[in-house]
Each structure stands twice: as C-alpha cells, then as structure tokens.
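I opened the model today and kept notes as I went.

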Amino acid sequence: MKLTIQNVMKTFGEKRAVNDVSLELISGVYGLLGPNGAGKTTLMKLIVDILTPSAGRITLDGVDITELGAAYRDKLGYMPQEIGVYKNFSAKKFLKYIAALKGLSGREAESKVSELLGLVGLKDVANKRLGGFSGGMLRRIGIAQTLLNDPQILILDEPTAGLDPQERIRFRNILSELSGNRIVLISTHIVTDMEFIAGQIILLKDGAVLRMDHTENLIRTVEGKVWSAVLTHEQFNSIKQLYSIGNVMQRSDGMEVRIISDKKPLEQAKPIQPILEDVYTYYFGGTAK
Amino acid sequence: MNKKESNVSDLNLDKEELKVINFLKEYDVPAASKNEIREFCDTAGTYLPQRRVSVWELRFWKIAFFEMSGKSPLFWMCCAVILSIGAALMQTAMSYFSPLMVMILSAPVPFIAFIIDALHYRDPNVVELEMTCRYDVSQLYVAKLLIAMLFNIVIILPVAFAANSVYLDGWRLILCVFTTMFFIGFIALMLIGEAKNSLPLSAFLALWIITGAVVLRQPEVVELFENISIAALAIAFGVSLVLFTIKLIYAAQHMHLYAKTGGCNL
C-alpha cells in the first residue's frame, strides 16, 4: 500500500496553508513535526479528504482518493485535533453511532466497541454521557473511534494532547502494536512522544516539507551543533538573543542551558549528544543559529 | 484433438477470441481455486472507484434510533404538552381558542424543539468525524432533518385528528397545519444556516409561541383563516413544501461544505 501526495497545495484566500507538498508514505509510522501554523492540520485534513486540494493530488496505490471515495474511507481512521461528539450520547452509544457510519454491522459494532472501550480504559464509564467527560477521556474516545474499522491508514492529529503521562505511555504502546503493515501519520507537539513512536519524521514549515528522514538520521544532522553550558542569569539573557535555546535547567551554580549553534557559542560550552528536541529547536527554534 | 480443444472448437468463437486462446496456450497458467479467485475479487473490489455511498444504504431506522434515543427530557416534555393539547381538544370544544388557531400555533413546535435539542448537544467538530466515514454527510443530515419532520408529523397528526372532532372543516385544518409546519420549518432551517448554536432558534420558538398566542386570538385573524379558500391554502401548502425541501437540501449541504471549505478549526 502506497499513499502518494503529489505537489499538493491548499490556499485559504491569500494564505497558502500547504505549499507544494510531495510525499510517499508506505507502511510505517510517520511523525509530522512543525510549529503552530505550519500546515500540519490542513495537510492531514487533505489526506483524509475533508478538504480538497487547491492543486495537486493524493493517490492510494495510484488511484486518486476522491475517485476511491468510500473504498478509501473504509481503510481510514482519523482522529482530529478537536474531538467533536454528541454530548448527550453515552461513550458506548457514540462509538456505536460512528461504527454504523463506518459500515460495521450491529454484531461487529457491539464486539468492537466493547473491545476498544477496554483498550482505552473507559469500560467503567461506557454508559456515562460524553458531556461529563474530561478532555483526556474525550481524547481516548477519539482514539477508540479511530480504530473501529481496523484501518489501514491512521491519521492522528495531536492524539496525546491532554493525556496524562500514564495514558500517553498506554497510547504509545497501543500504536506500537498497531503500526505493523499500516500507514500511520501522527502529529504532536510532544517531541518525546515522536521519538518513541515515529520511524520517520516529516518536518513542515510554512506549509512546505523542510525535510523527511528517519529519526536517527535527523538527529545526526545536528550532531556537533548542540552545546551545554552553565550560565548566570545575565549571560543567559544576552545569549538567548543570539542563539536558539533548547532545554534550560536551574542549578545551584546557575542555569544549565542547551544551546543550538553551528559554531561553539561560548568558551565554557561543551558539545553534547543531540536528541530529537534539539532537531526541532534547530529547524524551528528561531532565526539565530 | 484433446477434450479441451474439442470444447473450444465447439464454441462458435470468432477469430480474435481464438487468437487469444492460442496465445494463452503458450503459457502455463496455474489454476486458481475458487477461494483464491474470491479473495482476489474482494481485494480488487476495494480499489474500484466508488464515490460517496448513499446514506440510504445505511438503514433509515438506524439513524432514527440514534437520533431519537438521545433526546433530552425537556424535548419529551415539550412533545407531551402538545399531545396534552390534543387530549384537551378531544375533551372540550375549547371556546376560548379556535381549534384551528391552536393547531396552527403548535404545528411546527416539535420540529423546532427537535433541532434545538440536536444543536444544543452537538459539537460542530463532529462533522469532521462523520465526513471520514463511508456515507455521504449531506445525505446523512438530510436524513436527520427528515427524521425531525417525520417526528413532527407523527406527533401533530393525532392532535389534528383530535381537533377535527371539534372542528369540522377537516381539509382546512390539515392544509393550515401542514403549511405552517413546512413554512416555519423553512424559517427554522434558514436560522440554522446563520447560527452556530441553538440560541437564535430558541428565541425564534419563544417569539412564535408568544406572538402567535396573541395574534391568533384576534377575531379578525381567526376570521381571515376561516375564510381563505381551500385552493389558496393548497397553493400556500405547495409553496411552503417546495421552500422547505429546497432549504433542507441546502442546509444539509451547507453543513458538509462548512468543513470542506475550511470552516472547521483550521
């Protein structure tokens, strides 16, 4: 199975939200990384056929997804950034409703809904109304509805936002189990999640693909560019004007700062092993590098 | 000549077909089992172009079940009040109100209450999920609005029959009820297009009941409705039905296009 995005563009009035994006996705987990407004959500909505491209086309195994229509959507699981529900429905009833719209028979829906409510840890509140659910619980409902039709293509927009650490770990494990032989595209602001889940990362900036590569290769691109230094408050204030700054940690003798720079930024700075967060800071962290 | 060849010659095949058969004889094509052929057809079938699947393939009662089972107690109370009016009309020939006027006033209330209830509990983002499912979303919303109107008819018909026992001009009653139902339904759908929540529609319902109760009690208004010709009422009914149908289709498409054009949380 190959999902191909060919020179796709999406404009809203004057704004070009997605700018000439071309990607080829085969089985595996892909992470979509980019700052707010980079076009991640718009690209995902184009892939799930909620939005129509202004130019270019998206194909599955060579056939345009708009031509495939229902046959494409039968293979699709989508979790939007903001989960919309019917607040007067119980968790079970809402999942059964989505199952009916996905074409599952009553019997299939019954067993699948029960299985998925167990998987996301909501079996105890299956008959409670969604209007009383917390943000984290609604996201879990969102994850469950995504998996109802056993999709071959999973598009997940910020699936871990609002989940507590334990839920995030549980979700990452679910995704690891599911990822074999499926195309999974996931966007999240939590870079550490991406490091655990995604095999390849797509960096998106101003609607265009900046880079797409395996996580370890991307980390390699910033090797020798990540520095650590212990600074005073005054030094930190002046240095943050000049360089992209990663993690900052308070210490008894000052502030331990990760600095992203092509050259050694300070005399006392020591080169350190980069992590995916440094890749994000390097590509999106500001103009000064 | 073996058995296979004799079978081929027995069939009245044209030259082109024979050419293909002879060409294929050069290759050893392994025989596939029925299961393998079925499996291949199933896989290939999923790649066949199949634009939007009509929502009518999803059983109508299924949508109706989901729609009806989620209704709030307030909605059911509203319907109970309307049915009580019917019971009251059956018991007494209400001298204070004209049965015709009572029916005109209450005719569109279940439909509006249905939509208010639906809008109140519906998160606009849910359309994004519905759009990624297999059925056509516009048709799904047409079906939902049709369910609301069918429900309105189911509630109002017994009341109309009750009213008919004390008001003898049956055709006038039915035409007035259905014209009001479809015309007010048309206005309600116009308001849905503009509104993001149930507030404008709730205000409209309150306005309809209050002004209706005042205006429809005026003797001149009652006389006007009593004297309109049946032909004029039939035309008004036809016009209201057409307006409602057009607006129903437009409203459903609007919900679909709202997300398609980027209106939903980009």
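The entries below follow the order in which I looked things up.

**Entry 1: domains of chain A.** I note at the start that this is a predicted model. Domain 1 covers 3–219 and domain 2 covers 222–284. I then took the distance between their centres over C-alpha atoms, and got 34 Å. The contact between them draws twelve residues from domain 1 of chain A and nine residues from domain 2 of chain A.

Which elements supply the domain 1 side of chain A that touches domain 2 of chain A? I found α8 (191–197), β9 (200–205) and α9 (215–221) of chain A, each giving at least two residues. I also sorted that side of domain 1 of chain A by class: eight residues are nonpolar, two are polar and two are charged.

**Entry 2: a sheet in chain A.** I traced an open sheet of four strands in chain A, with the order β2-β1-β4-β5 and antiparallel pairing. Its edges are β2 (15–25) and β5 (63–64) of chain A, and each of these pairs on one side only. I followed β1 (residues 3–12) of chain A along β2(A) and found seven bridges in the antiparallel sense. In this pair, Leu3(A) stands opposite Leu25(A) of β2(A).

Which helix packs on this sheet? I found α1 (residues 40–47) of chain A, which touches β1, β2 and β4 (55–60) of chain A. The direction of α1 of chain A makes about 60 degrees with that of β2(A).

**Entry 3: the nonpolar core.** The largest nonpolar core has 141 residues. I asked which of them touch the most other members, and got Phe94(A), Leu185(A) and Ile115(B). Helix α9 (residues 137–164) of chain B gives the most to this core, with 13 residues.

**Entry 4: positive phi.** Asn7(A) has a positive phi of about 45 degrees, and lies in strand β1 of chain A. Is Asn7(A) buried or exposed? I counted 12 other C-beta atoms within 10 Å, so Asn7(A) is exposed.

Asp61(A) also has a positive phi, near 50 degrees. I located Asp61(A) in the loop between β4 and β5 of chain A. Asp61(A) is exposed because 10 other C-beta atoms lie within 10 Å.

Note on methods
Residues are numbered from 1 along each chain as its sequence is written. Chains are lettered from A and ligands numbered from 1 in the order in which they are written. This is a predicted model: local features need pLDDT of at least 70, side-chain atom pairs count only at pLDDT 80 or more; totals for chains, interfaces and linings use all residues. Domain bounds come from an automatic or database domain assignment. Two residues are in contact if their C-beta atoms, placed from the backbone, lie within 7 Å. Ala, Val, Leu, Ile, Met, Phe, Trp, Tyr, Cys and Pro count as nonpolar, Asp, Glu, Lys and Arg as charged, and the others, Gly among them, as polar. Two strands pair if DSSP finds at least two bridges between them. Axes are lines fitted to C-alpha atoms, for helices over the stretch in contact, and angles run from 0 to 180 degrees between N-to-C directions. A nonpolar core is a set of buried Ala, Val, Leu, Ile, Met, Phe, Trp, Tyr and Cys residues joined through C-beta atoms within 7 Å. A residue is buried if 20 or more other C-beta atoms lie within 10 Å of its own, exposed if 12 or fewer, and partly exposed in between; C-beta atoms are placed from the backbone.
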